[in-house]
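My notes are below the display.

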Amino acid sequence: MSTKRSIETTCIQGGWQPENGGPRQLPIYQSTTFKYATSDSMGKLFDLEAEGYFYTRLQNPTNDAVAAKICEMEGGVAAMLTSSGQAATFFSIINICSAGDHVVSSATIYGGSSNLLTVTLKRFGIETTLVDPDLPEEELAKAFQPNTKCVFAETIANPALVVLDIEKFARLAHTHGVPLIIDNTFATPINCRPFEWGADIVTHSTTKYMDGHGMTVGGCIVDSGNFDWEAHADKFPGLTTPDDSYHGIIYTQRFGKGAFITKATAQLMRDLGAIQSPQNAFLLNNGLESLHLRMPRHCENARKVAEYLQSREDVAWVKYPGLPGDQYYELAQKYMPNGTCGVISFGLKGGRAAAGAFMDKLKLASIATHVADARTCVLHPASHTHRQLSDEQLVEAGVDPSMIRFSVGIENADDIIEDIRQALED
Ligand SMILES: *Cc1c(COP(=O)(O)O)cnc(C)c1O
């Protein structure tokens, strides 16, 4: 199958390829195990000598078909699904980092990723330096250490809506001999394909736009196949030296461009088991089939809502990288000219108190700990996700106490705007 077809077609046709007489729709392989005719043929699977399925904790055909679709959408060479976006971030990092290693990460990332890096991975002996992604290259270079093994950032940061200068980050990572890992959840491959700008590995929380209907928690890791692990073999012994748990195979030698994902499957899924359920993978596949239709509508609606908010006297500020004049508009035009995402943040002149009153009056937009969904939803970080923090701590964390995170859905834009109007005026 050609990988040059347009991404719209891949959304529909990518992944599952039925054989003659096979089911047209992706089957749900609701099976923990797979049957073999001889002891030897199953033994070869355990030695990674043959490709195939033996236990769903490691791999399942339904999941692999959906991972193959996302892989093609991103323009990668190999991909795997995980049980959540958090698991995808975790695996993408620990696949190449061990105790004593170091990560350089953008400071403006999803709160869960920030906790994972600075709290949980720190307990495992992996240190992270958080950097302001807008700093010039020579300032950012100071964050690197001899034990740095990767750089991590988000295409469009949740919830800060900072657009990453991907080429700058790719250059920095590669100058220091390490890969750039990008969480592409908010932009999705419909709006931005980070591999085209030099990123090496992409992760997703498929829970967001990819599913799009608030049904399934899931994640995905895609490898571009572009990073040359052997050229920096001393930094990545897990990929370039023998794995004793598989009779001494060397991933880069045996699997070439598939080394990163094969290692993550064979070691991390085997030992940690954060597999996505095949049922959820099936639902995710359904979501992916309309991603190319939904994303432009999310962006079109978000732009209209952002313009409306900007026109109002009672709105203190609006952030949306798709809005001319936004701090990140130029970067967004470069990396995602067809649209950014559907998430906006704004503050009311009445501050924190006004935010609560506004949200209580919304009828169409639902208050939910969710973003990037077909339904418009809204959250006040100071009252919800960041509730424990004082106003001073909020400002330090980059969350304005007045900030309302508004995730614009794919309803009619006029109806969304009318909902906002009545909540502010009536
Ligand atoms: C939600 C989110 C995650 C975590 O994903 P889960 O599927 O909730 O585990 C990671 N990164 C970004 C940008 C997110 O929005």
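Predicted model: local features only at pLDDT ≥ 70, side-chain atom pairs only at ≥ 80, totals over all residues.

Residues are numbered from 1 along each chain as its sequence is written, and side-chain values use heavy atoms, with hydrogens and water left out.

Entry on H3. I took helices (H or I, at least four residues) and strands (E, at least two) as DSSP runs, numbered from the N terminus. H3 runs over residues 61–74, and its 14 residues reach 20 Å from first to last C-alpha, close to the 20 Å expected at 1.5 Å a residue. That expected span is 1.5 Å times one less than the number of residues.

I checked burial next (buried is under 20% relative accessible area, exposed over 50%, partly exposed in between; 1.4 Å probe, protein chains only). I found 12 of the 14 residues of H3 buried, among them Val66, Ile70 and Met73.

Entry on the ends. Asn60 caps the N-terminal end of H3, with a side-chain oxygen 2.8 Å from the backbone nitrogen of Thr62. Just after H3, Gly75 has a positive phi of about 75°.

Entry on Ser224. I located Ser224 in the loop between strand S7 (219–223) and helix H9 (237–240). Ser224 is buried, at 4% relative accessible area. Its side chain reaches the backbone oxygen of Asp200 at 2.8 Å and the backbone nitrogen of Asn226 at 3.0 Å.

Methods. Polar contact = N/O pair within 3.5 Å; in protein donor to acceptor, adjacent residues only side chain to side chain.
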